[in-house]
Number of protein chains: 2
Amino acid sequence: MSTPPFLSISRRTRSTPFSRRVTEAGAKAYTVYNRMLLPTVFESVEADYHHLKKHVQVWDVSCERQVEVLGPDARQLVQLVTPRSLAKMQDDQCYYIPMVNDKGGMINDPVAVKISDDRFWISLADSDMLFWLKGLAIGKGLNVDVFEPDVSPLGIQGPKSDDLMADIVGDRIRTLGFFRHAQFNIGGKDYLVARSGWSKQGGFEIYLDGSENGEKVWDILFDAGEKYEVRPGCPNGIERIEGGLLSHGNDMTEDNSPIEIGLGKYCHREAMEICIGGKALIEEKISGPKQLIRGLKIDGDRVPPCPSPWPLLDDKGQKIGQITSAAWSPDFETNVAIGMVAQDHWDHGNTVSVQIDDQIRKAEVGPLPFN
Amino acid sequence: MSTPPFLSISRRTRSTPFSRRVTEAGAKAYTVYNRMLLPTVFESVEADYHHLKKHVQVWDVSCERQVEVLGPDARQLVQLVTPRSLAKMQDDQCYYIPMVNDKGGMINDPVAVKISDDRFWISLADSDMLFWLKGLAIGKGLNVDVFEPDVSPLGIQGPKSDDLMADIVGDRIRTLGFFRHAQFNIGGKDYLVARSGWSKQGGFEIYLDGSENGEKVWDILFDAGEKYEVRPGCPNGIERIEGGLLSHGNDMTEDNSPIEIGLGKYCHREAMEICIGGKALIEEKISGPKQLIRGLKIDGDRVPPCPSPWPLLDDKGQKIGQITSAAWSPDFETNVAIGMVAQDHWDHGNTVSVQIDDQIRKAEVGPLPFN
């Protein structure tokens, strides 16, 4: 599709506590993520990118819907659905966890926020893990409540994030560790704030607890942020490829294992032995993966959008993988891409061919993130 | 939002076996449904409506994703998730089934297609019931496979549907009963075809088995349909309100019981006694619902779109319900709407007030479908 179509919005494509502000701020395009609106463009993808890497942005990422797991068996249930061991996880930690099905295939890659041994928030990528966790809990008779709380993350991203947040909540936030969380008072109410977010520019996520507080928090951020040139933003297609941040549903699906997408380090033996799908992962760890996620630099001028995968070909024209995300990077002055590459071709520095519609281009295999 | 924003399309907002044809046919807007593209407008919502009620349309409703439940415990698992008794369901039947959570709240309202006692396709509304069914099956240790097959429904809807389909597959299809299915040969391959679909104009759904066959089947329908003025179409916001077809996520959510939305007739005692959430439904059947879904005719000229609910008010200004879908009906020459109305106000013929942004209008409570 050369020009994007319109999006029909209804109650089903849920609005967020910030939607009115996002609309007022001039969001030009959206996607739907967890049956909720996620803005994708404000000024332009490229202008948003430059601003994100220089200043600070406020992102409505409410679509990272939460699943609250509450009760004596909470930790047991969360450990059942991920091969990452939670044994050493502390009560102020966030873990990026692969979630896998019974075949070891990736069904989500959320951030698990541990509040206590009997209370977790699972901050989702785009699939209804609420039903997976609830179905398992009911099926196994676990003593746990599983529900979607009224909690909507708001991202503060960009190099000036610390300055902006410190002006609002005090300098204590500067010492918050990566993927750690604590309570901070914003506008008279305490919120869980984590040092996290889907960019490599640094920043925070405020877990807005209570939709009614959304516009108040938004306005506080924009009032305080004026001197930092704060703008509304959103996950940026260029920056996140440069940074090697994978998008579930784009760069991996349930057809991929966590090992293939570089999360073998989060597949722990003791956890694989008890989690669903763990057996398949143990076997794959022994035999080794057949393909791996890679960064790719694609020759030539600006590539078109990549709404469906582009095949990677060897010099005989055989398929050896696929590219699933691609964009022109102004800073790297090349096309950056993320793709899955077969074993014989995945070494850094290798050259492969990529078929983009009717065109064949060369691409160089390399690491993620780009450097 | 006065003009709709653009939709950003990626691999994650899955394309369908028919997407290329739908794009070529000039779809102007889409929504995302089960993480898949669903067109919403071709010529205009009103022009599409008039055509649907007079001729025949082909609808890409691939987004009604299937969950296949396969194995000796298939029927047991499906019965576990719905209060509708499957005891008398025959192997060529489709059932509209409420699916409820542990509180009896609606989490989906799919069509269950029974192929045999050990094989069902659940044709979903917009939520990932794959994970619910799979989580329950694993948790309970049932002997059943649960997966998303490569099956994409294609709707044939409108008064000329029988004529068009008979020209392609023969007159046998004219005798196919409502919500019955059978195999029919289209272009050299047998497909399951059901007399069903999300309009009140009559028609069929072809369960396209094998994405690679999509464009072939599409082209056969359009070649044969020329004499019936066939056009591409999609679920129509006006026609489905007139017809009283509820949209999950719009007209009901997990906060509503099947009884509230008029599906008490599908809550059977013997099934409620064994299904998840059945206990809550048994209690509600005894005490009676506190609100019911209704049709409403709203006074005045054309209402704006209804992306979030409009409150219904009594003559003291107290909230007594909400409207969740509304449109101007050219045929009824009034605004037709669907909403939830509290007990003291739900009688047909009652007048209530509806708050549309800053405006108050009168509305008359009545039955669904409109007549």
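**Exercise 1.** What covers the buried residues of α5(B)?

*Solution.* The model is predicted, so that local features need pLDDT of at least 70 and side-chain atom pairs count only at pLDDT 80 or more, while totals for chains, interfaces and linings use all residues. Residues are numbered from 1 along each chain as its sequence is written, and chains are lettered from A in the order in which they are written.

Begin with helix α5 of chain B, residues 161-169, where helices are DSSP runs (H or I, at least four residues) and strands are E runs of at least two, numbered from the N terminus. Its buried residues (20 or more other C-beta atoms within 10 Å of their own, with C-beta atoms placed from the backbone) are B:S161, B:L164, B:M165 and B:V169. Because they cover an arc of only 105° around the axis, they lie on the same side of α5(B), the arc being that of the directions from the helix axis to the C-beta atoms. The cover includes β12 (151-157), β13 (181-186), β15 (203-209) and α6 (214-225) of chain B, contact requiring C-beta atoms, placed from the backbone, within 7 Å.

**Exercise 2.** Determine where B:I122 lies and which residues B:I122 touches.

*Solution.* B:I122 belongs to strand β10 (residues 119-123) of chain B, and is buried, with 25 other C-beta atoms within 10 Å. Leaving aside residues up to four places away in sequence, B:I122 touches B:Q66, B:V67, B:V69, B:P110, B:A112 and B:M129. By contrast, the C-alpha atoms of B:I122 and B:D255, 133 residues apart along the chain, are separated by 22 Å.

Definitions and conventions: Buried ≥ 20, exposed ≤ 12 C-beta atoms within 10 Å, placed from the backbone. Contact = placed C-beta atoms within 7 Å.
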